[in-house]
Amino acid sequence: MSEEVTYSGRYTADSREQLLAKIAKQLKPARFAHVQRVEQTAVKLAKQYGVEVEKASIAGLVHDYAKQRPDEDFIAAIHHYQLDPDLVNWNNAIWHGLVGAELIKAELGIADEDILDAVRYHTTGNRYMTKLAQIIYMADYIEPARDFDGVEKARLLTSQNLELAVAYQTKHTLLYLLENNQRIYPKTIETYNAWVPQSGLKD
Ligand code: GDP
Ligand code: FE
Ligand code: FE
């Protein structure tokens, strides 16, 4: 059963329906469907882990808001907002969260730093992640349409121990990137060092 959160006006002036309409204009149908599944997954986790459901709904819906923007928009934002200059050497995978958060703030008027940080860190993780950020990181990884080796383990861990689940995703994403000879964004390594070695993770 789908969860329809009623917004209070504290984090966005839009109703959920108005926010959905703005997001729909930015995304192709498959990506729009994904963000709604991430929202539903995040809302369930927020209830389980005592996080504000409205924040989980908004963060889930906006997390990939910038995913289909042209590279020029990100380059311009990196300069305009004086973000880490090294970001220009990366690509959409790294930009859509870390830089996308600034576009969400400017274009949707969402200024809550907890929501924005959850967007910023949804791809690479971060040393410090609030419970909301951990929920969005995991919801993106385990939403119902995700299908990869290990997703059932990730779902089980997420339902049992959120921090261990963050460690699991962090390790397995890094392994995947290494196996495919991908560049590793430094924050991805920082997240690994902060979350995995002392986590007690077994696999
Ligand atoms: P999505 O936006 O819902 O598709 O999911 P994500 O935002 O989590 O991931 C976007 C892509 O970024 C995935 O293909 C990840 O494998 C990739 N990614 C995550 N960390 C890194 C990294 O450190 N380096 C590179 N090159 N790609 C990464
Ligand atoms: Fe993403
Ligand atoms: Fe996503």
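This is a predicted model: local features need pLDDT of at least 70, side-chain atom pairs count only at pLDDT 80 or more; totals for chains, interfaces and linings use all residues.
The iron ion (ligand 2) is coordinated by Asp64 through OD and by His96 and His122 through NE2, at 2.1 to 2.2 Å, and the spacing of its donors along the chain is D-x31-H-x25-H. Aspartate 64 bridges the iron ion (ligand 2) and the iron ion (ligand 3), which lie 3.5 Å apart. Because aspartate 64 lies in the loop between α3 and α4 while histidine 122 lies in the loop between α7 (113–120) and α8, this pair ties together parts that are 58 residues apart in sequence. Buried residues are those under 20% relative accessible area; aspartate 64, at 1% relative accessibility, therefore counts as buried, and histidine 122 is likewise buried, with a relative accessible area of 1%.

The largest pocket of the model has a volume of about 970 Å³. Its lining is made up of 33 residues, and those nearest the centre of the pocket are Thr123, Tyr141, Thr173, Tyr176 and Leu177. Two or more lining residues come from each of the helices α2 (29–49), α5 (92–98), α8 (131–142) and α10 (162–179), and α10 gives the most, with ten residues. When the lining of the largest pocket is sorted by class, twelve residues are nonpolar, 13 are polar and eight are charged.

Helix α9, which spans residues 151–160, has Val151, Ala154, Leu157 and Thr158 as its buried residues. These residues lie on the same side of α9, because they cover an arc of only 120 degrees around the axis. On the other side of α9, Glu152 and Gln160 are exposed. The buried residues of α9 are covered by elements that include α2, α8 and α10.

How values were computed: Residues are numbered from 1 along each chain as its sequence is written. Chains are lettered from A and ligands numbered from 1 in the order in which they are written. Side-chain values use heavy atoms; hydrogens and water are left out. On a 1 Å grid over the protein atoms alone, a cavity is a set of points where a 1.4 Å probe fits but cannot get out, and a pocket is an open set with protein on both sides within 12 Å along at least five of seven lines; lining residues have an atom within 4 Å of a point. Grid points are joined across faces, edges and corners, and a volume is the space filled by probe spheres set on the points. Helices (H or I, at least four residues) and strands (E, at least two) are DSSP runs, numbered from the N terminus. Ala, Val, Leu, Ile, Met, Phe, Trp, Tyr, Cys and Pro count as nonpolar, Asp, Glu, Lys and Arg as charged, and the others, Gly among them, as polar. Buried means under 20% relative accessible area, exposed over 50%, partly exposed in between (1.4 Å probe, protein chains only). The arc is that of the directions from the helix axis to the C-beta atoms. Contact means heavy atoms within 4.5 Å. Donors are N, O and S atoms within 2.8 Å of the metal (3.2 Å for Na, K and Ca); water is not among the atoms, so sites may look incomplete.
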